Every structure is written in C-alpha cells, then in structure tokens.
Amino acid sequence: MIKIDNLTKYFGENKALDIKQLQIAEGSIVGLVGNNGAGKTTMLRLILDLCKANNGTVLSKGKDVSKTEDWKEYTGSFLDSGYLIDFLTAEEYFKLIAELNHITKEDMQLRLSRFDAFMNGEILGKKKLIKNYSAGNKQKIGIVAAMITNPKVLLLDEPFNFLDPSSQMEMLRLLRDLNKEFGTTMILSSHNIELVSEISSRIILLEKGLVKKDISASADEAIEELRTYFSIK
Amino acid sequence: MNFNLIFKLYKLSFKRVILEIQENKLAIASTIFMYLIMIGVLAGLLISLSDEISRLRDSIIGRNDTHLIINASLISLFSLDFSIKLFGKGHKGFNVYSFLTLPVRKAVLVDIVFIKECFSLYNLILPCLFLPFLLVYPYAIDKIVCYMFFLYTISACNTIIARIFRLGRKRSYIYYLYIVLYFLLPVLLIPIVLLFSYAVLFKANIYFYALLGVFILCVLHRIFRKTCIRDFYYIDE
C-alpha cells in the first residue's frame with residue numbers, strides 16, 4: 001500500500017529522516033515509536049506530501065505522492081490542530097469534509113453517530129468555533145474528521161495525546177472497527193508504547209531518523225522489547 | 001465543485017476573523033500610518049503642482065509636465081505599497097495549509113488565493129489616491145478609468161507577489177518576480193508619459209495599457225500557479 005524508497009529529509013544540516021526501504025502492507029496497522037526528534041512526524045509529513053524530501057520517494061498505491069494528488073481521495077489524516085479549519089464550528093467542519101468526499105447529509109449523520117461515545121457530548125451542538133475548543137476536543141474533532149470518510153489509509157500523529165483514558169479506549173475500539181470493516185491501512189505515531197502496541201500489528205522504532213527496530217510480535221512481546229530498548233538508553 | 005466550496009469558506013473566514021483584526025490595534029495603526037505617509041507624499045506632490053509653485057518650477061526647469069511627475073512618483077509609491085503588503089499584518093483567517101491534507105487540489109487553493117488577492121479592496125487604495133490628480137486635470141473619463149485600471153493591476157501584482165512570498169517555502173523566485181515587475185514598471189511608465197504628451201496617440205494607447213495590465217496579471221497567474229504548486233508545503237518546516 002505504502003512504499004518508501006531511499007527517503008531522506010534534512011532540516012538544515014540535521015538529518016531528520018533516512019529510510020532505505022520500507023513497505024507497509026494493505027490493511028496493516030503500523031505503530032511508529034521513538035523519542036522526540038526521532039523522525040516520526042517528518043515521516044508522516046513526507047507520506048502526506050506536506051514537506052519535500054531531499055531524496056527518495058513515497059509511493060501510495062504505486063504512485064509517487066509528490067507527483068499526483070490522487071492519494072488524497074482515500075487518505076485520512078490528523079497531525080495536529082494546526083490542520084483544522086478553526087474558523088468553522090465542528091458541525092460546519094464535518095459538513096465540509098462530507099461535501100469534499102461526496103458523502104450525503106444522511107450518511108454523514110449515520111457515520112457521526114458511530115463517534116457519539118468518543119465525542120462524549122462535548123463536540124456537537126456547542127455552537128462554538130473549533131479554535132475555542134480545548135486541546136483534547138480539537139484532537140477529537142481532527143480524529144473524527146480523519147476517520148469519518150472510511151479512508152483506505154489513515155495517518156495519525158500522537159492520537160492519544162490530550163485524550164482522557166475513556167476516550168483513548170474508545171479510540172482503540174474505533175480504530176479496530178475501521179480496520180476490520182474497511183481494511184484501512186493505518187500508521188499511528190505515539191509515545192504511548194502500551195496503547196500503540198495494543199493496536200498495532202507491527203511496530204517501527206525510529207531513532208534519529210533511522211529505523212532501529214521493526215517489530216512484528218504480540219502486544220506483550222512488543223511492549224517488553226520496547227521497554228527494554230528505552231530503559232537501556 | 002471544490003472551487004466554489006473553498007471560495008465560500010474564504011469569504012466566511014473574513015467575516016469570522018474581523019473581530020480579531022479589530023483587536024489587533026497595533027497592526028491596524030501601523031498600516032494606517034504607512035498609508036498616511038503615502039497620502040502625505042501625494043499631497044506634497046499635489047501642492048508642488050499648484051499654480052504658484054508650477055509657475056516657479058516652470059521658470060526654473062521649464063515646461064510643466066504633470067504626468068512626468070505623477071509617474072515618477074509611482075515607483076516609490078508602489079514600493080511602499082508592496083512593503084506594507086509584505087510586512088503588514090496579513091489576514092490569518094484563511095489558512096490554506098489546513099486544506100493540504102484534505103481532498104482539495106493544490107491548484108484549486110492557489111487559484112482561489114490568486115483571485116481573492118486580485119479583487120482585494122486593498123488594491124483600490126493606491127489608484128484612488130491618484131483620483132484627485134486625475135480629476136483636477138481635465139482628462140476624459142475613459143482615460144482616467146484606463147489609467148486607474150492600470151494602477152490597480154500593478155497594485156494587484158504587489159498583493160500577489162507579497163502573497164507568494166508568504167505562501168512559498170522556497171522564496172528565492174520572489175526576488176526575481178519583484179525585480180522583473182519593478183524593472184518593467186519604468187519601461188511601461190515612460191511610454192505613458194509620452195502618450196500623455198502626444199494626445200493623438202494617447203487615446204488609442206491608453207486602452208492598450210489597460211489590456212497590458214490584464215496581460216501582466218495573466219502572466220503573473222501562470223508564474224504564481226506553477227511556483228506555488230511546486231513549493232506549496234506546510235510552512236513550519
């Protein structure tokens with residue numbers, strides 16, 4: 001589904017990312033872990049063509065993401081609240097997402113109802129602009145907007161940040177359902193190794209832009225391996 | 001369809017951020033101050049063209065050539081206008097980067113920004129400042145309209161180039177655009193002076209200048225589109 005070839009990205013003199021080869025299979029859930037500055041967000045941004053690689057390519061369904069914009073039709077993402085259109089209300093934002101993705105009003109209502117527990121009555125019907133929501137609720141709006149289109153590829157950066165424990169558990173359930181029902185390929189970056197290991201079938205550990213470990217194991221084994229790695233450091 | 005949708009959002013963003021803009025008194029004050037300087041320069045120019053001073057100047061330097069003076073002042077005024085647009089507090093409501101992860105093509109975003117910048121009311125300020133000159137001196141209305149339209153297109157170019165500077169990641173090309181425009185300006189203005197002097201040629205050619213303004217905008221649109229799409233990446237890289 002996603003193929004990375006000789007991808008490098010520099011910020012000034014600093015090498016932020018250097019991935020020789022990486023393939024992410026269709027329908028897999030991949031967790032990206034690593035310390036600050038490991039290159040997780042940079043990798044997601046390069047996959048989303050939000051920054052220009054110094055070298056290499058990212059292919060989504062075999063097409064270079066920097067050469068075509070077709071991937072936008074089947075890719076959902078949320079990196080941070082800066083990507084939200086914050087002068088809209090949550091309802092207006094979801095309506096925009098529906099219109100851009102050719103989803104009818106009725107269908108959108110149905111899809112939104114799937115997220116009722118996740119939104120916990122704090123998002124819809126509040127009649128306030130997105131910029132006036134709390135960080136946690138902005139996070140929820142972004143995640144719902146990314147998932148509501150039932151994308152074939154979903155990229156989330158630190159999705160568990162700002163969320164209360166109930167919302168984190170609810171989000172795990174929603175992600176599993178989406179993957180099961182629509183075969184969505186997911187890449188989730190997170191510092192929370194327990195949550196990300198629980199949901200992911202594969203964990204990629206980045207360190208200073210390099211892939212240090214590529215773990216395909218059960219959640220417990222992955223957590224153990226990651227704990228060992230980070231405690232040694 | 002996406003174009004109309006995003007265009008509506010752009011308009012909505014202006015309505016929704018108006019309060020924020022009003023709160024930012026410092027930015028407004030600095031912009032007004034810059035435009036006051038511009039008006040001051042023009043007022044000085046108007047006074048210098050008054051009968052008494054004109055007579056005095058004519059006695060010293062010869063024939064009163066109003067258009068030469070008006071056009072000579074344009075480059076400095078356009079430069080000042082460009083500086084205000086480049087360094088002034090821009091409209092932050094419509095953040096095009098928010099759309100980069102949505103299924104909206106970069107070309108659509110770039111076109112919308114271009115169109116909105118072309119029709120920005122800020123572009124009217126500079127041509128309107130010249131209105132007193134054009135009304136004081138007895139020119140035909142079509143000449144005034146065409147001349148003001150030309151001024152408007154140059155002002156729009158300023159806005160667009162300033163916007164490209166803010167949008168693009170690789171900004172080196174903006175300097176080339178700036179240089180091209182400002183080298184082009186005297187080349188365009190000198191014939192205008194000549195045309196004012198030779199009334200026979202003037203009438204036909206002032207329309208040409210209005211069309212030339214449109215042509216410049218079209219060329220700028222092609223450059224703007226190509227460069228912005230190529231370098232349209234999230235800004236905080």
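Contact is taken here to mean heavy atoms within 4.5 Å, and helices (H or I, at least four residues) and strands (E, at least two) are DSSP runs, numbered from the N terminus. The structure is a predicted model, in which local features need pLDDT of at least 70 and side-chain atom pairs count only at pLDDT 80 or more, while totals for chains, interfaces and linings use all residues. Residues are numbered from 1 along each chain as its sequence is written, chains are lettered from A and ligands numbered from 1 in the order in which they are written, and side-chain values use heavy atoms, with hydrogens and water left out.

The secondary structure of chain A amounts to eight helices and 10 strands. Of its 233 residues, 56% count as buried, where buried means under 20% relative accessible area, exposed means over 50%, and partly exposed lies in between (1.4 Å probe, protein chains only). Chain A exposes about 10100 Å², of which carbon and sulfur atoms supply 48%; accessible areas come from the Shrake-Rupley method with a 1.4 Å probe, and for residues only the protein chains shown count as cover. Among the contacts in chain A with a separation of 6 or more, 67% come from residues 24 or more positions apart.

Six strands of chain A form an open sheet with mixed pairing, in the order β6-β7-β8-β3-β9-β10, two strands being paired if DSSP finds at least two bridges between them. Strands β6 (75-78) and β10 (210-215) of chain A stand at the edges and have a single partner strand each, so one side of each is left without a neighbour in the sheet. From one strand to the next, the twist averages 15°; axes are lines fitted to C-alpha atoms, for helices over the stretch in contact, and angles run from 0 to 180 degrees between N-to-C directions. Within the sheet, strand β7 (residues 153-157) and strand β8 (residues 185-189) of chain A run parallel and are joined by five bridges, and A:Asp157 has A:Ser189 in β8(A) as its bridge partner. Helix α5 (residues 135-147) of chain A packs on the sheet, where it touches β6 and β7 of chain A, and its direction makes about 175° with that of β6(A). Helix α6 (residues 165-182) of chain A lies across β3 (29-33), β7 and β8 of chain A, and runs at about 155° to β8(A).

A residue of strand β8 of chain A, A:Leu188, is buried, with a relative accessible area of 0%. Although A:Leu188 and A:Leu32 are 156 residues apart in sequence, their C-alpha atoms are 5.9 Å apart in space. When neighbours within four places in sequence are left aside, the residues in contact with A:Leu188 include A:Leu32, A:Leu156, A:Leu175 and A:Ile199.

In helix α3 (residues 105-113) of chain A, the buried residues are A:Met108, A:Arg111 and A:Leu112. These residues cover an arc of only 100° around the axis, which puts them on the same side of α3(A); the arc is that of the directions from the helix axis to the C-beta atoms. They pack against α2 (90-100), α4 (116-119) and α5 of chain A, whereas the face of α3(A) turned away from the buried side carries the exposed residues A:Glu106, A:Gln109 and A:Leu110.

A search of the whole structure finds zero disulfides over all chains, a disulfide being a pair of cysteine sulfur atoms within 2.5 Å. B:Cys118 is in no disulfide, and the nearest cysteine sulfur, that of B:Cys157, is 7.8 Å away. B:Cys118 counts as buried at 9% relative accessibility, and B:Cys157 counts as buried at 0%.
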